[in-house]
Amino acid sequence: MITTDILIIGAGPTGLFTVFEAGLLKLKCHLIDALPQPGGQCSEIYPKKPIYDIPAYPEILAGDLTKNLLEQIKQFEPGFTLGERAETIDKQEDGTFIVTTNKGTKHHAKVVAIAGGLGSFEPRKPLLENITNFEDKGVEYIIKEPELYRNKKVVISGGGDSALDWAIFLSDVASEVTLIHRRNEFRGALDSVEKVQELKNLGKINLITPAEVKGILGAEKVTGVVVEKKGEDGFIIDTDHFIPLFGLSPKLGPIGSWGLEIEKNAIKVNNALDYQTNIPGIYAIGDVNTYPGKLKLILCGFHEATLMCQSAYKRIFPDKKYVMKYTTVGGVDGFDGTRKEAPKAVVKAIQ
């Protein structure tokens with residue numbers, strides 16, 4: 001059985017930063033994530049997309065943010081159970097918890113922090129009869145590696161930010177990009193809509209609206225799609241890849257049956273104090289939680305993780321008083337024996 005001070009369910013940015021804040025308090029952490037690698041959505045869904053609202057980073061790729069967080073927490077030696085889903089939780093008589101995964105791995109922790117983002121994701125798939133036959137054979141619901149589309153013909157279907165952003169990005173990668181949406185109006189950011197229109201005028205994007213993809217062609221892999229435009233006969237577009245970007249459907253999964261108070265597929269917490277749930281010792285931080293005024297931003301998750309760790313310390317060590325020290329003053333001592341600290345000024349007397 002794996003033992004730890006804080007068991008973090010979810011290894012996205014909020015879960016990873018929790019390790020750092022807990023480490024400053026000398027608390028050990030272990031993380032569970034159903035994905036095969038840390039980073040959550042940043043690694044699995046949009047590793048190459050830039051993020052613009054991380055303090056001190058005017059722009060950082062989601063994948064690089066994950067890499068930096070892993071480097072930041074390395075000295076606190078977190079444990080990982082990856083590729084497994086937290087399935088059940090059992091509260092012990094001493095107030096600790098045993099969490100078991102779908103593969104039977106047991107974890108014993110004094111505190112549980114649910115940082116599972118929006119939960120597990122399933123792509124919203126278009127209702128095309130043979131689409132599953134072409135998954136990973138030219139049909140992708142998530143763009144993980146843009147270089148896959150280098151000098152290829154790509155058809156993107158969708159009308160939100162993701163469809164617009166990737167159409168813009170791939171216009172410099174693919175040999176041909178076609179964007180199809182069932183309406184003339186898009187639901188994305190105005191500047192993205194204007195950029196797509198500009199690229200259309202330059203001949204770098206084929207824009208087809210209002211229209212829908214009604215079929216996929218090919219034998220071993222995708223070779224084309226059947227498109228129906230309102231008021232016109234159906235026609236075929238040759239393509240190497242069909243990417244329907246209709247969004248993702250989040251699900252809490254087994255966590256939803258743990259007895260936690262749920263509101264609109266999110267876990268209610270006490271944001272006036274420490275983001276604790278209705279079960280003492282279980283916290284929820286990041287996009288998975290809800291409270292009045294909640295903003296689903298990575299930087300808000302970092303803030304919530306910081307306050308949660310302070311509360312967890314008090315729960316684990318009720319008789320100890322923690323005196324907060326700024327890292328600029330106290331430095332950072334890792335569990336691996338390393339120490340980070342600012343260089344001390346050398347004072348010399350004037351002769």
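These questions and answers cover cysteines, salt bridges and a surface patch in a predicted model. Residues are numbered from 1 along each chain as its sequence is written, and side-chain values use heavy atoms, without hydrogens and water. Local features need pLDDT of at least 70, side-chain atom pairs count only at pLDDT 80 or more, and totals for chains, interfaces and linings use all residues.

Student: How many disulfides does the structure hold?
Tutor: A disulfide is a pair of cysteine sulfur atoms within 2.5 Å. The sulfur of C29 is 6.2 Å from the closest cysteine sulfur, in C309, so it is too far for a bond. For C42 the closest is in C300, at 14 Å, again too far. The number of disulfides is 0.

Student: Is C42 buried or exposed?
Tutor: Buried means under 20% relative accessible area, exposed over 50%, and partly exposed in between (1.4 Å probe, protein chains only). C42 has 1% relative accessibility, so C42 counts as buried.

Student: Which residue forms a salt bridge with K294?
Tutor: A salt bridge is a side-chain nitrogen of Lys or Arg within 4 Å of a carboxyl oxygen of Asp or Glu. Here the closest N and O atoms are 2.9 Å apart. K294 sits in the loop between β21 and α6, and its partner lies in helix α6, 10 residues apart. The partner is E304.

Student: What is the accessible area of the nonpolar patch of L295, L297 and L299?
Tutor: L297 has 32% relative accessibility, so L297 counts as partly exposed. L297 lies in the loop between β21 (289-290) and α6 (298-316). Together the three residues have about 230 Å².

Notes
Patch = residues over 30% accessible without salt bridge, like charges linked within 9 Å, V, L, I, M, F, W, Y side chains within 5 Å. Areas by Shrake-Rupley, 256 points an atom, 1.4 Å probe, with all protein chains shown as cover. Helix = DSSP H or I, 4+ residues; strand = E, 2+ residues; numbered from the N terminus.
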